Structure formats: structure tokens, C-alpha cells
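Here is my notebook from a first look around.

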Amino acid sequence: MELVSQILFGLLNGVTWGILLALISSGLNVIFGLLGIVNVAHGSFYMVGAYLAWLITTQLGSFWLALFLAPLIVGMLGILAEFILKPVEQNHTLSVLGTFGVTLALQGSALTIWGGAPKRLSAPVGWKFSLFGTGYSYYRIIAAAISLITLICLWFLLERTDVGLKFRAVQEDPELSVAAGIRVPLVYSLGFGLGAALAGLSGALVAPTVSITPEMGLRIFAIVFLIVIAGGLGRIWNAVLFAIVFSVVRGLLTTFFNPTAALIATFVLVLVFLLLRKNLPTSRG
Amino acid sequence: MSGGSKRYLMKAVASSVAVTSIGVLPLFLGRFQVVLLTEVIIWGVFALSFNLIYGYTGMLSFGQSMFFGAGAYILTYGIIWEFGLPLSLVMVALGGALLGLIVGAVAVRVRGAKFFLVTLVGAILFHLIALDNRWLTGGDDGLLVPLQFRGITENFYLIYGFGLFVGLVTFAIVKSPVGLVFRMIKGDRERAELLGYWTDGYRILSFAIGGAIAALAGGLYGYTTGFVSADFFHWSYSADAVVWTVLGGSGTIAGPFVGAALLTFIREVLSSTWGVVYPVLVGLLLVGLVLGFPDGVVGLLGRISSRYSDKKGADGG
């Protein structure tokens, strides 16, 4: 009975965290999967989102306001970064280096301004319900629900509107898109901004459940990148499924092994999957 | 004398002068500066290993920290088990090369952005595994390398001679027919493939040589500091190698050393007061380099000097 409840707990935790992970990945999916820009700075956008949530909540007193403002600010930060790196964004190697520079700059700025000591934000919804003998915060459920709604909106935007059509047109054939009257540079700016805003939103959503540190972005980045590639570039629901599988597997392994060993095993599983599935759809270049 | 061989001679003279002046520098420096200079040479060797993979063979790998950490631990155990330094260093090089073969064989299966990701995840995995196996690595707390006391200057000349040796070997490799294939793969992999070269084999070879050099750098770093820990595997060491190489000039032997020296100098100038802005500065520098000077300091100097000699040649003709 003890084991069963532990496994169920691991499952629930895996699914709620998995949906949040899917939201972070969706931003990278827009930037890397749809626009083909390798964005190493994605984790840092997420980190900035979390810090903004902490800052706005402690200064202005409303977490829900932070949830609205953080994506907006991070989105503009993304547009700025894309504007600066526009000349190299089609070159995979140079954009890895350039966005890695952005990562160092953002992480270093966070360290300079707020220091290395972790910041904590109390959950805006305090209640817990008891589950298998332990308290489970309602906030995690709410955060997962907000993520899911955002993902549905994103899917609608990309698959059912003109905006999404333009994104895919630009990815298919930039030259023909110009000929068809699409303002390609604008699409890149907005796409990058949208992706960054999604990272900012997920950072803000996660903020009350984790300790906020300058390194949190780099820690999550590799996982998010793996999910986007393993799920298939540009395919939102595949990535969602993969994010949930990833965190459920990790959650279940954590019930049996120590967290580090569980993470190692999960990484190895994903890596093997990635290497065996050779004919993955890739972006240009 | 033709312009090409004249430039070649100029480069040879400039390199000899630079190498010799670094060799006599400790006579004029304080103890602290000598230690710093020793570290710069080790970092230069480490960045050179990345440069072979990236600058010469065209693979952006974030995996060099795997070899750095492995080299440091192989050396530590070599010293603990009393194999002596020379034999330990041979083991370090062989171990690094073997690891390079394995990692390379996995990594070359994927292309482009996925390649970068696989090497990064490999580096993260090695760090996690090292943290998780305290019985072997000592985890965060690390292990002490049981060493007899050596003079700072003595250690400097050991590292200096060693750096010179690795630099020359790397130079010989990149100028050899094998090095030519490396550069052809960097320029146009498909063409190399069509010409009948087994490009994956050459890429794995590049990884193995780079792995051996990085492992040696890790071993010597452990030997110099007398301490190794699981953090030697942290991928931020890979990132440092990337930044040093890109700043100094990728695809050159001197570049990684110049980059390591410049950034160490900047960090020391900033000292403790401004040390906190160092990563911000490095980040912005990287963005600027990527946008404006993709071939780094050495590339820039080369362009300036070739423009100068071209002008002179034109005047003479």
C-alpha cells in the first residue's frame, strides 16, 4: 500500500510538472522548431521570468499581476535579443555562440543584481489537499491548468490562424514568403518574442514552487532542448506528450533511486531514444 | 621571396619571439603572476583541444569538460597508486583518447544543433555521475593529489615545456594530410564524403586527439592545484574553452592561448570589486565577437598584417 501511494504520488507530480515543462518547451518549439533559430538563451528567459515574478510579487504585491507582466517584459527582451543577433540567426553554429553570450550576460546580470542566494516565493494559493498522507498544493494543479490553457491557445494560434500559416510559410521557404508579401523579418521578431514570452510565463508560473537562482535556466535548458528535439521539431502536442513522459519517468525513478541517479537514468533513456530514432524531422541546415 | 613564404617566415619569427618571451617572463614576475601564467598555459592547452574539434574540424562541441575531468582523475589515481608522473600522463592521454573515441562515435551520429545538444547532455551526465559516485570521485569534496612540494617556477617550466610540446604536436597534426582532411570536412563535409573520405572516421579521430589533449590539460591542472573534485566535470569548463577559443581566434594554434590569457587578464584586472560583472562582460563580448569578429583576435591581427604586407607588395611592384 505504501508503495502504491508512492507511485501514484510520483505519477501526479510527474504529470503536473510535465505540463509545466511542456509550456517551457513550447516556447523553444516556436523559436527553434518553427523558425529554425538555435536559442541557447531560452533557459535564461525562463530564469528572468521567475525573478520578475518574485520581484513584482514582493514589490507590487500581486502574483497574478506578475503572471501578466513577466511574459510581456521577457517577450520584449526576446525581441531585443533577436534584433541584435539577426545577422547570424540562420547560422546554427554562430547562433549557438551568440545566444550563449546572451545566456552568460543574463545569468551574470541576475547574479550581480540579486546575488547567488536562492529567492523563494510563497504560493499565491495556500491551500493543500491531503493525498496519500502528504499535503499536495492546489497551486501546482492551478499552474498546470494555466499551462494547459496556454498550450491550447498556442496550438490554435499556430494551426488555425493566419499567423501560424505565415510562421510555417517562412520556415518552408523564406524567399517565396517574401514574394508572397509576408514581412519575413517581422515574423522572425514576433516569433522569437512569442517564444521568449512563453519562457517568461513558465518561469513566473514555476517561481512559487522552486528556489529561484541565476543557474536555474541552464539547469532546465538541456532538458527542454531534448524534449523539443525528441518530440519532433514544431510539433507541439508531441513535445507535450514527451515532456509528460520525461517527468513521469523521472518521478517514478526518484521513488526507487536517489534524485541524481534518477536524473542520470532519465537522461540516458532520452539520449538512447534520440540516437536510435535517426530519421527525426529536422529544421533547415 | 614570394608573399606567401614571406608571411610564413614572419609568422614563424613572431611565434618564436612570443614563445621565448613567455619562457623568460617568470624571471621578472612575482610568485602570484607566475602561478597565474602557469594556469593560463593549462587553459590554453585545454582550449586548444576544443579548437582542434571546432576550429579545424567544424564541430561545435560542449563536451570537453568530460575529458578534462576524466584526465584529472586518471592522473590523481596514477599518483595515488604511485605510477609516477610520466607514466600517469601517458595513461591520462590514452584514457582521454579512448574516451574521445567512444564519445565521438556516439556524437557524430547526429548533425547540427543536435550534435551540440548531445555533447552538452554528455557533459551534464558525466558531471552527475561524478557527483553520484562519491566512493570514486569524492563528490563535491573531491580528492587530494598526494604530491611532494615543488617550487612554483619549477612547476611553471614543467607546464610551459608541456604546453610547447602539445602546441607543436597539434601544429604538426593540422599541417599533416590528416589535418587537411579535418579542414576539408569543416569547409564542406559532403564534398569530402564524395571524394571518398570516411568523414565520420575522421571526425571521431579529431574527437580522440582533442580528448587526449583535454585530458592532459585536466591532469596537469589537478597536478598543479593538488586537488580534484566532481566539479572538474562541470560543463562550464567546456563553455570556457569555447569562449577562449572564439575570442583568441578559432582555427589557429595561438588563438586559444591568446584568448585564455586575455580573459584571465581581464578577470584579474576586475579583481574582487568588479569580479561579479565578469560573466556579463564575457557574454556581451561573445555576442560582439560573433557579430563582428568571428575569427577572433588572432584572425584580426592576421588580416591587419596581410593588408599591410599586401600594400607593401603593391608599392614595390
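**Before starting.** I reminded myself that this is a predicted model.

**Entry 1: the make-up of chain A.** I began with the secondary structure, and chain A has 11 helices and 2 strands. I then read the order from the N terminus, which goes α-α-α-α-β-β-α-α-α-α-α-α-α.

**Entry 2: the overall form of chain A.** Next I looked up the extent of the chain. Along the principal axes, the C-alpha atoms of chain A fill a box of roughly 65 × 50 × 35 Å. I also wanted to know how the radius of gyration compares with that of a compact globule. For 285 residues such a globule would come out near 19 Å, and chain A agrees, because its own value is 19 Å. Of those 285 residues, 54% are buried. I checked the contacts within chain A too: among those between residues at least 6 apart in sequence, 78% join residues at least 24 apart.

**Entry 3: where chain A meets chain B.** How many residues does each chain bring to the contact? I found 41 from chain A and 35 from chain B. Chain A and chain B bury about 3200 Å² between them, and 85% of this is on carbon and sulfur atoms. Which three residues of chain A supply more of its buried area than any other three? They are A:Leu97, A:Phe100 and A:Leu275, with 18% of the area that chain A buries against chain B.

**Entry 4: polar links across the interface.** I looked for salt bridges between chain A and chain B, and the count is 0. Polar contacts do turn up: the rule finds 2 residue pairs across this interface, both at pLDDT 80 or more.

**Entry 5: the side of chain A that touches chain B.** I went through the helices here. Those of chain A that each supply at least two residues to this side are α3 (63-85), α4 (92-114), α9 (216-231) and α11 (259-276). Of the elements, α4(A) gives the most, with 15 residues. Sorting the residues of this side by type, I noted 30 nonpolar, 10 polar and 1 charged.

**Entry 6: salt bridges in the whole structure.** Having found 0 between chain A and chain B, I searched over all chains and got 5 salt bridges.

- A:Glu82 and A:Lys86 meet through their side chains at 2.9 Å, N to O. Is A:Glu82 buried or exposed? With 2% relative accessibility, A:Glu82 counts as buried, while A:Lys86, at 26%, counts as partly exposed.
- B:Arg134 and B:Asp141 form a salt bridge at 2.7 Å, N to O. B:Arg134 is partly exposed at 43% relative accessibility, and B:Asp141 is exposed, with a relative accessible area of 55%.
- B:Asp200 and B:Arg203 form a salt bridge at 3.3 Å, N to O. Both lie in helix α10 (residues 199-225) of chain B, 3 residues apart, about one turn of the helix. B:Asp200 is partly exposed, with a relative accessible area of 24%, whereas B:Arg203 counts as buried because its relative accessibility is 6%, under 20%.

Notes. Residues numbered from 1 in each chain as written. Chains lettered and ligands numbered in written order. Predicted model: local features only at pLDDT ≥ 70, side-chain atom pairs only at ≥ 80, totals over all residues. Heavy atoms only, no water. Contact = heavy atoms within 4.5 Å. Buried area = accessible area lost by both parts, 1.4 Å probe. Salt bridge = Lys/Arg side-chain N within 4 Å of Asp/Glu carboxyl O. Polar contact = N/O pair within 3.5 Å; in protein donor to acceptor, adjacent residues only side chain to side chain. Helix = DSSP H or I, 4+ residues; strand = E, 2+ residues; numbered from the N terminus. Nonpolar A, V, L, I, M, F, W, Y, C, P; charged D, E, K, R; others polar. Buried < 20%, exposed > 50% of the residue type's maximum accessible area, 1.4 Å probe, protein only. Rg over C-alpha atoms; globule rule 2.2 N^0.38 Å.
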